[in-house]
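Open the model in your viewer and keep the sequence panel at hand. The stops below say what to select and what is there.

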Amino acid sequence: MQTISNHLPTERLQALDAAHHMHPFTAGAELAARGARVITSARGVMLTDSDGVQILDAMAGLWCVNIGYGREELAEAAARQMRELPYYNTFFQTTHVPAIALAAKLAELAPGDLDHVFFAAGGSEANDTNIRMVRHYWAAKGKPSKRIIISRRNAYHGSTMGAASLGGMAAMHAQGGLPIPDIHHIDQPDWWSEGGDMTPEEFGLERARQLERAIEKLGEDNVAAFIAEPVQGAGGVIVPPDSYWPEIQRICDEREILLIADEVITGFGRTGNWFGSQTWNIRPDIMTIAKGLSSGYAPIGGSLVRGEVAGVIAEAGEFNHGYTYSGHPVSAAVALENLRIMEEERVVEHVREVAAPHLAHRWAALADHPLVGEARLSGLMASIALTPDKAARAPFASPAGTVGLICRERCFANGLVMRHVGDRMIVAPPLVITPAEIDLLIERAVQSLDETLAKLREDGLMKAG
Ligand code: PXG
């Protein structure tokens, strides 16, 4: 067993990593030059690196370790399931107990009549399932021309060909021949950056009505679905104006299109309810889930599907789609145990009643910092926009992300994982975070902001672009 006391020295690990390991979303040459930070263990909300340094993980890994690190029960659930039945599939009229139990549990937890689930190994796979499923659904209903899926610029829906095409990340579309055909993007509801002279409420309505105009332009007979994150995560924790979702829901109700809520981040308590759709009053036909479903302890995702949609798919013969690891028994057992703990320890109530109100109070005060424009959050996902000129909501003159990266580096040096997306700083800590740990998070964030501001002044970077 490799433990903190007997692993290779950090430089040796970094050299092996740089020589053999291709990392996601990382510039390889830069990584090799600087060496990756090696995380060796974690407990609660705290990571430990290979030099024994403790870091507060305000990103819950990648928005997934909702229950916190080091839960023995989950390790035991995995070991028990591996001993009993480490693998079997759910293809060709077979099934197994963990997949059955998890499907039934999800049907119970999910809002409305989302009572069927198609399993995948993560969010990207689930969104690829969704593309095929909604097109197959309309074809089965005698409307094969309904193929276009409308999504949003700066959305993140995953990295596979289909999911990255749904996503609206220009840098991703620039590589590998994306997007695939019949995906259409409208603008995001990011008032801070794009709202101009409109009030947030006017802007939310305007951006929602882009969906209506897109459906009219493309033809309702050609549109299968609209997909969106209730609150954009990887795009920078863009909390939409309150007017946005009611208008989107109205449009989806009036038009014959399916609504897909991508809840990979917002699901399982993140916004203070089991699902972001409940927080934002959305009634999706399909919901993408992953991450918090197992608190990241084992890879699992899926599509929660409304009964009517699942019924049409079931009646249409064989759905020629599936993954070796759809409903993997070990992942399903871990997810079940995670959900059991969440219910027993009332983790969603902790977010709603304790952690989110405390973070909201402390986060709002960050807007008084000279470097911070808007400070927004939904439950335990929060962002601040860094700016050289608050009144003008101005971006920096330096290329987008320059300042955000400086701030992220200061955070790391101060023992805090806070991500940057361009020049927005974001957090999404484990849901079990305590008020005292939130205070520590804020203390380290403020120190990092102060140091960033000092460096920007020193380097002449406090300039609007
Ligand atoms: N949908 C949403 C809304 C996501 O946030 C996916 C789908 C894809 O899930 P998988 O399990 O295939 O990764 C995600 C994933 C980041 C970051 O840097 C965000 C994600 C993944 C990796 C990095 O913020 N979100």
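Select Pro179. Pro179 sits in the loop between helix H8 (170-173) and strand S6 (183-186). Helices (H or I, at least four residues) and strands (E, at least two) are DSSP runs, numbered from the N terminus. Now show the backbone: the peptide bond from Leu178 to Pro179 is cis, with omega near -5°.

This is a predicted model, where local features need pLDDT of at least 70, side-chain atom pairs count only at pLDDT 80 or more, and totals for chains, interfaces and linings use all residues. Residues are numbered from 1 along each chain as its sequence is written, and side-chain values use heavy atoms, with hydrogens and water left out.

Next, select Asn281. Asn281 lies in the loop between helix H12 (276-279) and S9. Its phi is near 60°, a positive value in a residue other than glycine. Buried or exposed? Asn281 has 62% relative accessibility and counts as exposed. The cut-offs for relative accessible area are under 20% for buried and over 50% for exposed, with partly exposed in between (1.4 Å probe, protein chains only).

Go on to Ser295, in the loop between strand S9 (286-289) and strand S10 (301-306). Ser295 is not a glycine, yet has a positive phi of about 50°. Ser295 is buried, at a relative accessible area of 0%. Which residues does Ser295 touch? Leaving aside residues up to four places away in sequence, Ser295 touches Cys64, Val65, Asn66, Ile67 and Asn338. Contact means heavy atoms within 4.5 Å.

Switch to cartoon and find the open sheet of 4 strands, in the order S1-S2-S3-S13, with mixed pairing. Two strands pair if DSSP finds at least two bridges between them. Select strand S3 (residues 54-57): S3 and S13 pair in the parallel sense over 2 bridges. Here Asp57 stands opposite Val417 in S13.

Finally, zoom out. The protein chain has 17 helices and 15 strands. Its radius of gyration, 22 Å, is close to the 23 Å that the globule rule gives for 465 residues, so the chain is as compact as a globular protein of that length. The radius is taken over C-alpha atoms, and the rule is 2.2 Å times the number of residues to the power 0.38. Buried residues make up 53% of the 465 residues.
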